[in-house]
Amino acid sequence: MMKKFLIVLFVLISISEYNFAQVKSVYSKFGIGNLEYSNSVRKAGMGDLGSALDDYEFISSLNPAAISELNLTRVEFSGKFNSIYQKDYKSSTSLTTGGFSSFGIGFPISRDNGISLSFGLNPYSIVDYSVKEEVFDEVINKKYTKELSGDGGISRLYLNLSYKLPFGLRLGAGLDYFFGNIDYNSKLLFDNNDDFSSTFLQKNKVKGTSFSFGVISPNISSLIDNFFVDDLKFAVSIQTGGELTNSFMFTKQVASSIDTINSFEGTFNLPIRLIYGLSFSVNKSFVFHFDYLNQAWTKFKHNGLTDNNLQDVNKISFGVEYQKDKLGQSFNDLTIWRLGFSYEQTPFKINNKSINELSFAAGVSLPLSRENTVDFSLQYVTRGEVENSLIKENFIKFGFGISLGELWFIQQER
Amino acid sequence: MILSEKLKLHIKKLFFVIISILVFFGCEDKITQVGEDLLNDDKLEIISLDSRVDNINQYSMQMNQVLALGNASSVILGKDTYLESKVLLNFAINLTTSEVTAVDSIRILSAYVTLVRNYSFGDSNGVFNFNTHSITSDWNPLTITSDSLSKLNYSSQTFSSDLRVEDSLVTFALDTSLVKHWFRAEVDTANYKNYGVILIPTVNTNRFIGFYTYGSGSTVAKIEVVKQKLGGNPDTVTYSAYSDVHIVTGNTPNYGSEKSVIQNGLTTGIKVVFTPENIPSDAALNIGTISVTVDTLLSEPASSLPDYIFANFLKDSSDIKFDDIYSIRLTREGNVYKGNAVAVVNKWHRDKTFYGVYLTSSSPIEGLSRLVVYNSNAVDSLLRPRLQLTYSRKK
């Protein structure tokens, strides 16, 4: 089953040239684009984070320590549809986009020691916008269109390893390889064939490595007498960020002639991303999490220059998951329901106004069997404002994914 | 079994339908206007320059391009105050076998040349006369030019008489001794040569007449020869010209420092060089227009100005060498010839050198018409050659 799925997945990804779900937001012009966090349908349904959640049924890429509970080889794949409504002070639009979100595979190596390995691919940031302005130039008595677009982003290929200490402390470390192209296009288009249209392309080819570390505490609820919660854990994870190399090329195209204006090897300095998490369960059926994420984008440097349109990211996230009976046999017992909420001070600070994002989410995982689920999430996200020449954006994000578990490397005990 | 097989199948189908929709229809490439104000720093700067108002230096000069006129559709003979056009003709004398053996005994009773008119320039009532000389050196209609004319040798003796200028024809008698010489040249190439004749307008000639050329069929120049073999009857034979060309010499009229002349026949054109400064090297040139203004009263013939002229991209600063790919057609709108020069200005911008454009007639070897163009010295800046540019660049 899983092998067939991987083949189908490979074909689909090949056809789509690994088309990550787009965002179609002018805000993605700034910094390295729209930041993506968990890329998991499970997390999307419960507030986007959840670094202390170490469930064996899902692969977490937020915290390398969170895979220590994997008991089966697990493959996850997710995609997303976004329905977007955008408005500024003079016009509005609505559109839909979609694409793949993430792919991950995890292997338990030693269940007793919580040693698991996972790797996967997901977007770290997405740049995707295209706007146009039609102009009638009275000086030259001609009409032309100015078109600005950006596309691409930075992808993260991760390799995580976890280990569980005897007293239940889970540790994790990961190697992140960042890569991707971020292209910014500025076009001047004429309606007639007499005049030459021009395209200016700023191409950034980014690559570099970074590290992730994570820790999840043992269950500390037992330390408190008559405490109403169970499985209380704290987590900290860190992505070190660091310097990525950037092959920059600036070209202009006039008619069919392309000239390089400038090219050099530069850098992208990704700031450290820190996530503090807390999770606990109540009545064995409810799992709650609270998370706080911080990333100092004011320290981001692009080719040595800071960006005045960026601010530090602060994100709080809350989510709850309900599963009637983890050990049950029926469809109802194993179906997982989720609700979530998050509030984020995004990295964008445009026209001196902070762009803040509020998100409400719900989700469900439908069991195909005990090990396999089909997951869905629905998020309503709103950010920005119409005032100050900004954009008010409302997203409805529909996420879907599949999580498959199968024994691959460990002989099943009979 | 947690899930019925039927339900499981439905879920799988739903999932793969979603993925398929995502793969094939997932992305909507809609370009909107929402948020364009946030990208003001990214927008292209559009800058327009006009030589009439901006700092674009220019200069222009009249230049003569030496061209062979052998492919022109007329051979033109005549003269006026400024120009003189001579005609070179050579006839194909074909003798029969019996004529070859008895060439010395053949008598040439008469020889008349007929030229069929197809062009006229200048005063239609003016004097038209010329002398005919025998050419004594070789020439090639496709290579001989006004520059090489001085190397052409011809007799001082004139061989024509009985000139008749009619509405459609010009005829004249050719000295029979010259024709006999050509007959002998068919037999004895060592001692006799047939290089044809050169027709030179007389000093008092004051008009130009053009004639059909080799390649025009039955209207080509002909010589009608009446000959008689010893003891035979007179026989009339017509020989056609197989080689003809006209050569124009002289100067264009001087209309003062503000005007230059595009002169057909003399193949004179105007070199115009613009030197727009301060166009950044990273700019993309989107629009380029070159226009020139003509003096319609001084141009000739004023009643039928050409519909278009050419501005050819010069490859060299001192010589008139063109890059044919970058030839601009300037089309007439009233007294202004205007054309799209965007390819030319881009080449100039790319190469960082601009030797200018050479304004020339659409067919400089045809006829003798002249276009009087206001040049870069025109006092009224609105009459000077004009370059309009629009370029874009990233801020």
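Which side chain meets A:R170 in a salt bridge? Select A:D54: the two side chains pair at 2.8 Å, N to O, a salt bridge being a side-chain nitrogen of Lys or Arg within 4 Å of a carboxyl oxygen of Asp or Glu. This pair ties together distant parts of the chain, with A:R170 in strand β6 of chain A and A:D54 in the loop between α2 (41–44) and β2 (73–87) of chain A, 116 residues apart. Helices (H or I, at least four residues) and strands (E, at least two) are DSSP runs, numbered from the N terminus.

Before moving on, some housekeeping: this is a predicted model, where local features need pLDDT of at least 70 and side-chain atom pairs count only at pLDDT 80 or more, while totals for chains, interfaces and linings use all residues. Residues are numbered from 1 along each chain as its sequence is written, chains are lettered from A and ligands numbered from 1 in the order in which they are written, and side-chain values use heavy atoms, leaving out hydrogens and water.

Back to the pair. A:R170 is buried at 10% relative accessible area, and A:D54 is buried at 7%; buried means under 20%, exposed over 50%, and partly exposed in between (1.4 Å probe, protein chains only).

Next, pick A:D195 and A:K142, another salt bridge, with the closest N and O atoms 2.7 Å apart. A:D195 sits in the loop between β6 and β7 (198–216) of chain A, and A:K142 in strand β5 of chain A, 53 residues away. A:D195 is buried at 5% relative accessible area, whereas A:K142 counts as partly exposed at 23%.

Stay in chain A and centre on A:I154. Beyond its neighbours within four places in sequence, A:I154 is in contact (heavy atoms within 4.5 Å) with residues including A:I32, A:P123, A:F178, A:L244 and A:F268. A:I154, A:I32 and A:F268 are among the residues that touch the most other members of the largest nonpolar core, which has 35 residues. Such a core is a set of buried Ala, Val, Leu, Ile, Met, Phe, Trp, Tyr and Cys residues joined through side-chain atoms within 4.5 Å.

Time for the interface. Colour the 83 residues of chain A in contact with 50 residues of chain B. The two chains bury about 5,400 Å² between them, 70% of it on carbon and sulfur atoms; that is the accessible area (1.4 Å probe) that two parts lose on being put together, summed over both. Show A:F196, A:F200 and A:L368, which supply 10% of the area that chain A buries against chain B, more than any other three residues. For one of the 4 salt bridges found across this interface, select A:K29 and B:D42, 3.5 Å, N to O.

Finish in chain B. B:D50 in strand β1 (residues 44–50) and B:R386 in strand β22 (residues 386–394) are 336 residues apart, yet their side chains meet in a salt bridge at 2.6 Å, N to O. Both are buried. Last stop: helix α4 (residues 342–351) of chain B, where 7 of the 10 residues are buried, so the helix is largely enclosed by the rest of the structure. Look for B:W348 and B:H349 among them.
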